[in-house]
Amino acid sequence: MGTGFDTYLLGAIVLLTVCSILTRCTYLLFGDRFPLSESVRSALRFAPVAALAAIVVPELFPLEGGSAVVFNPRALAALAAVLMFWRTRSTLSVILGGMVAFWLIDGLLGMVA
Amino acid sequence: MAGRLTHAQRRAFLFGLREATAALVAVATWGFVTGIAMVQSGLSESMATLMTLMVYAGSAQLTALPLIAAHAPLWLIFAAGTIVNMRFVIFGAALHPYFRHLSWRRRLVLGLLTGDIVFVLFMARFAGSRRIGTVQQLWYYLGIAAPGWLVWNVFSLLGIYAGGLIPASWSLDYAAVLALLAVIIPLVKSRPMVMCLIVASAVAWLAQALPLRLGLLAAVIAGVLAGVLGEMVERRRNSSPGAH
C-alpha cells in the first residue's frame, strides 16, 4: 500500500462523511424552506417499515442463483425466527432462535449436498 | 450535565432508552459486522476506525467497501453513498416538524445522531401525536439516538480490533439481519402497513440488480406509496354502507 492509496482512501472517507452530513442534516436545517403538506407528512409514517424491509430482503433473498433462492437456509431460518416472535414476543428469541435454526438448516443441507 | 436535567427530560430519555434496548442489539450486531467487513476488505485498523467515527452510516460503508477495494473513482463512491443515504433525507423530512423550534446547532447534532433505528422507534411512538415539538419528544429521541451512536461505534471498534476472534462459520452477519427483522415485525400492525411491507419487499427483491443500490431508494418510495394506497382503500371500505 503506497501513499497514493492512502490519499485515495482518505478522500473516500471524507466524501462519505460529507454525504452523511448532507443527507442527514439538510432537511432538519433547512426544512422550513421546503414545507411539506400534511398528507405527505402522514405518508412518511410508512418510511420506517419500507426502509427496513429494503435492507433486509436482499440479505434473505439474493437474486443470483435462480429458483434455489427461495429455499435458502437464510430465508428458511428467517421464517422460523418470525414464528418464534409470534410465540414469544421477544427480540432475543428471534436472534438466538433464528441463528440456531440457520445453523441446523445449513448443516442439514450441507450433509445432503 | 446529568444533574441539570429536569425530571421530565430524564424520564423521557430513559423511556426512549428502555424502548430501544431490543433495537440496540440490532445496532450492536450491525456495528460489529461492519467493523469486521471494513478490515476484511483491506482497510488498516486506523483507517477503519476513522471511517466508523466519521461516516457513521453502515449501509453506505458496506456499499462503498467493494468500490474502494476495486479502486473505483471517487465520484462514484460519493454517488453510491448519497443514494444509499437518500432515505435519511426522507427521515429528516418526517422528523423536521418535531425539532424545527430548536437552534440550528441542536438540529445539526440531532441530524448527525440519527439512524434507521432512531427514526423507526421515534415514528412508531410519535407519528400520531397531536402536539408536536414537546420536551418529551426531544428527550425520547436523544434516549435512543445517543446510546445508538455509542453502541454502534463501540461495537464497530470491537469488530475492527477483535472481529478476527469470531469464526466466519458462525455467520454473524446473519444475526444482524435477524436483529433488524425483530425490529420490523412489531411495527406491522395494520393492513396498510402490511401492504407497505409487501410492496417494499417485492421492489427491494426485484431492484437488487440496479446499480449503486438504487433498489433501496426505490423500495422505500414504493413502500410509502403502497401504504398510502392501502390507507385510502381502508378508509373507503370503512365509510361505505354495510361496513362494520
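User: How are helices defined here, and in which helix is B:Leu50 found?

Analyst: Helices (H or I, at least four residues) and strands (E, at least two) are DSSP runs, numbered from the N terminus. B:Leu50 lies in helix α2 of chain B. This is a predicted model, in which local features need pLDDT of at least 70, side-chain atom pairs count only at pLDDT 80 or more, and totals for chains, interfaces and linings use all residues. Residues are numbered from 1 along each chain as its sequence is written, and side-chain values use heavy atoms, with hydrogens and water left out.

User: How many helices and strands are there in chain A?

Analyst: Chain A has 5 helices and 0 strands, in the order α-α-α-α-α along the sequence.

User: Does B:Leu50 count as buried, exposed or partly exposed, and why?

Analyst: Buried means under 20% relative accessible area, exposed over 50%, and partly exposed in between (1.4 Å probe, protein chains only). B:Leu50 counts as partly exposed because its relative accessibility is 31%.

User: Why is helix α6 of chain B described as largely enclosed?

Analyst: Of the 11 residues of helix α6 (residues 116-126) of chain B, 9 are buried, so the rest of the structure largely encloses this helix. Among them are B:Ile117, B:Phe119 and B:Phe126.

User: What covers the buried residues of α6(B)?

Analyst: Contact means heavy atoms within 4.5 Å. The cover includes α3 (47-60) of chain A, together with α1 (7-40), α4 (74-99), α5 (104-113), α7 (135-162) and α8 (172-184) of chain B.

Technical notes: Chains are lettered from A and ligands numbered from 1 in the order in which they are written.
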